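Here is a friendly walk through one structure, a stop at a time. Have the sequence and the 3D view open as you read.

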Amino acid sequence: MSTSAPSPAELDNFRREVADWFTKNKPKDPGFLLPQSFMEVGTDEQFYFLRDWQKKIYEAGYLGMAWPKEYGGGGKPQALQDIVTREMVKQKLPFMTNTIGLNWAGPLILNMGTEEQKKAYIPGILSADDIWCQGFSEPDHGSDLGNAQLKATRDGNEFVLNGSKIWTSLGRHAKYMILLARTNPNTNNKYEGLSFFLIPMKIPGIEVQPIKKLTGEYGFNQTFFTDARISESCLIGKEGGGWAVALATLAFERGAVGGQAGGHSMMSKHVSEVVTLAKTAKRNGKPAIEDPVIRDRLLQFIIEERSQALNMSRGRIKALNQERPGSLAMSGKLAGSEYQRRLNQFALSLQGANAAYYVGDPLAIDGGLWQRSYFNAFSATIGGGTSEVQHNIIGERVLGLPKS
Amino acid sequence: MLDTNKKPTILFSDEQEQLLEVATNFCRDKFPMNETRKRIEAKEDLSQALWDEMASLGWLGIAIPEEFGGSGLTLAEVVTVVEPMGEYLAGTPVVATTLAAQALLVAGTSAQKETWLPKICEGTIATLALSEPSGDWTLNAPDATATRSDDTLTLKGTKTFVTDAASAAFIIASVKLDGKAALVLIERASLKNVTREIVIDETRRSYRIILDGITLPASALLDMTKTESALAHIDLAACLLLSAEACGGANGAINVIVEYLKTRKQFERYIGSYQALKHPTVDALLAMEAARSHLYYAATMFGQSVEGEVAVRMAKATSSDALSFASDRAIQFHGGFGFTYDCDAQLYRRRGIWCEAQFGDASHHRAKLAEMLL
């Protein structure tokens, strides 16, 4: 990383340069509805469009800017990358599709990986040549991640994988997977039998089967492992030390720890778009935005959306986090995902009878975007630990409430 | 009007950090719950010794310019003192006196400022008399009147929720004069009919003042050309400080809940292990954290025209809601004990209703925000 922090003037210049570059290079309308996050990439045309877009941004030098140069990063201050990310959100540009690589596998490898692993994996994560997926949840073990049962049985200097992982976003396109597996089924403590691997996907014994989502689209997969053989060099961390690596990965995933490559990973809906909707929707012959109840609800969303931005800002001020230091970082995912779900739900309620249309009908408002994004919002309130589990974690770790 | 791309940034100065630390320790030390309960029963309105200590810490002059004996800081620094007072339910005249000083700073005549501001810095108590029996939150249309004849003003009308009036050296009251709102400074000697009110928050000393028959020299008027801006300023300053009290109060209520959930057992389990109690407690925490972020953003932006007003109203709305929710759940989660006067939960609930009812509740502020933002 660079030693000297950029001056405000340099940051301003850079902001202008980036805004200009994106304005000139933003992709044309592909002619099909794009997904709003990596969890929703359902078709090949969506995938290749998004992969090309990430590659273009990386090649322009606007991704992984703060990652070390020797592994393909830019070696520049994080502040520059943050400017790029903000500009992408601001211009409502498509998201960076290699999310798992950029935001959690990448920082994990940079933090805990061997020199060989860093050299082998980091450049392809940035260029999107190597797509990553995640093998955490299992059909019978969703929220109870520490109970994962997929077997990795040692056979000399190899491990043999048997079992199944589910919700494998990008699984069909992925070259690599971060995998939590059970190397020892006989430990007293369930966490001690787990190990963490970086594994290749295109090997015999691994089969990826798409899952049709509640939206009617694809994006998630179930991955089946039948005597799939991997080298012991795929281990990251110690054999039996996988739980600690998984927790470190989740901290990156939930944004509780920094170090991500940058770029946005999700096209969140903003309350300003719902305000626009409220201006065109009708209630009793008048614009919905004139209805006092709707106005009050809109203000609640406006305030709540700002709460999240302000929590980020206050989270950086140590003196304002003395009593419960982890509180803001640990609650961001819960607050943000539930906010998105409720905001989308409210957007549907504004549409009157037309809320009942769906993607594909010419009269569906915004092409059915709100209906689809309401359904997809559940991926964040369920994935990465359900909101209910998040409540437990915050209650126990931040407030010190008893587990039992 | 709505710019969701602009990243709001909270600023927190070294002075704020120091004051927050000192005030947090002071309040923890001086306002334990048994003391707060003693103060509720006490005959006198305040403990003079404690008040003198707060004055000697310089808390009354924080936002008063140095030329009048203050520290020359801002209300953002006052917030850091008021928040911990809210957490420990301290019922002191700090807020009332600070707001009276703010009224003088915006609209006081030179003579009024020179006479009173240095005294306030040293511990003289003052208060505002803005509310009236109608209960309307609108400040610029008082029913109380002043009529002028020659150089004398004669007052008529009733003012309510005048906190700490019995210990105040003077009050600043709003009245209608020549059809327009005006502010008058009334010294204690001129006050005749001052009655203690029975209010829901028993940590407060609140008074009803009947102005009928009070006569004042015209020099008691604050600058009438500045009444409007003074009332707007007081409105937002009061909201900011009430937000600080409510945020601190929400944290206090959460601590009361957590303490009980960690120690009380039912069916051989700590009740805090039940998700029916654990999850809403986390919701209370998230609401308080959000409110606190709005509070310190409002402190950062205070005085910056539209953005400042938006930030303060958001802080008032979120903090009222946060304290109401946390203290309401605090009663419920204590079960039968929560229904008793002995349980501290009721103290926080009463404080919550007070904070909501003063200077506009959450939906009032959201309605104002809707006018500004939609």
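Is Met266(A) buried or exposed? Met266(A) is buried, because 21 other C-beta atoms lie within 10 Å; a residue is called buried with 20 or more other C-beta atoms within 10 Å of its own, exposed with 12 or fewer, and partly exposed in between, the C-beta atoms being placed from the backbone. You'll find Met266(A) in the loop between helix H6 (242–253) and H7 of chain A. Helices here are DSSP runs of H or I with at least four residues, strands are runs of E with at least two, and both are numbered from the N terminus. Leaving aside residues up to four places away in sequence, Met266(A) touches Gln36(A), Ser37(A) and Phe95(A). Touching, or being in contact, is when the C-beta atoms of two residues, placed from the backbone, lie within 7 Å. Met266(A) and Val89(A) are 177 residues apart in sequence, yet 9.0 Å apart in space, C-alpha to C-alpha.

A word on where this comes from: it is a predicted model, in which local features need pLDDT of at least 70 and side-chain atom pairs count only at pLDDT 80 or more, while totals for chains, interfaces and linings use all residues. Residues are numbered from 1 along each chain as its sequence is written, and chains are lettered from A and ligands numbered from 1 in the order in which they are written.

**Helix pairs**

Two packed helices are described by the angle between their axes and the distance between the axes. Here, axes are lines fitted to C-alpha atoms, for helices over the stretch in contact, and angles run from 0 to 180 degrees between N-to-C directions. The table sets out one pair from each chain.

| Helix pair | Angle | Axis distance |
|---|---|---|
| H7(A) (271–280) and H9(A) (327–349) | about 10° | 10 Å |
| H4(B) (75–87) and H5(B) (94–107) | roughly 155° | within 11 Å |

H7(A) and H9(A) are therefore roughly parallel to each other, whereas H4(B) and H5(B) are roughly antiparallel. The cut-offs are under 35 degrees for roughly parallel and over 145 for roughly antiparallel.

In chain A, Val271(A), Val274(A) and Leu277(A) in H7(A) meet Leu343(A), Phe346(A) and Ala347(A) in H9(A). That contact is made of six nonpolar residues, with no polar and no charged ones. For the sorting, Ala, Val, Leu, Ile, Met, Phe, Trp, Tyr, Cys and Pro count as nonpolar, Asp, Glu, Lys and Arg as charged, and the others, Gly among them, as polar.

Over in chain B, Val78(B), Val81(B), Val82(B) and Met85(B) in H4(B) meet Val94(B), Val95(B) and Thr98(B) in H5(B). This contact divides into six nonpolar residues, one polar and no charged.

**Strands in chain B**

Strands count as paired if DSSP finds at least two bridges between them. S2(B) (145–149) runs antiparallel to S3(B) (152–156), joined by five bridges. The two form a hairpin with two residues between them, and Asp150(B) in the turn has a positive phi of about 55°. Ala146(B) has Leu155(B) in S3(B) as its bridge partner, and Ala146(B) also stands opposite Leu177(B) in S5(B). S2(B) and S5(B) (170–177) run parallel, with two bridges.

Elsewhere, three strands of chain B make an open antiparallel sheet in the order S4-S8-S7. S4 (158–163) and S7 (193–196) each have a single partner strand, so one side of each is left without a neighbour in the sheet. Four bridges link S4(B) to S8(B) (206–210), with Thr163(B) opposite Ser206(B).

**Where the chains meet**

Finally, 39 residues of chain B are in contact with 39 residues of chain A. H8(B) gives the most to chain B's side, with 13 residues. That side divides into 20 nonpolar, twelve polar and seven charged residues.

Terms used: Angles under 35 degrees count as roughly parallel, over 145 as roughly antiparallel, 65 to 115 as roughly perpendicular and the rest as oblique.
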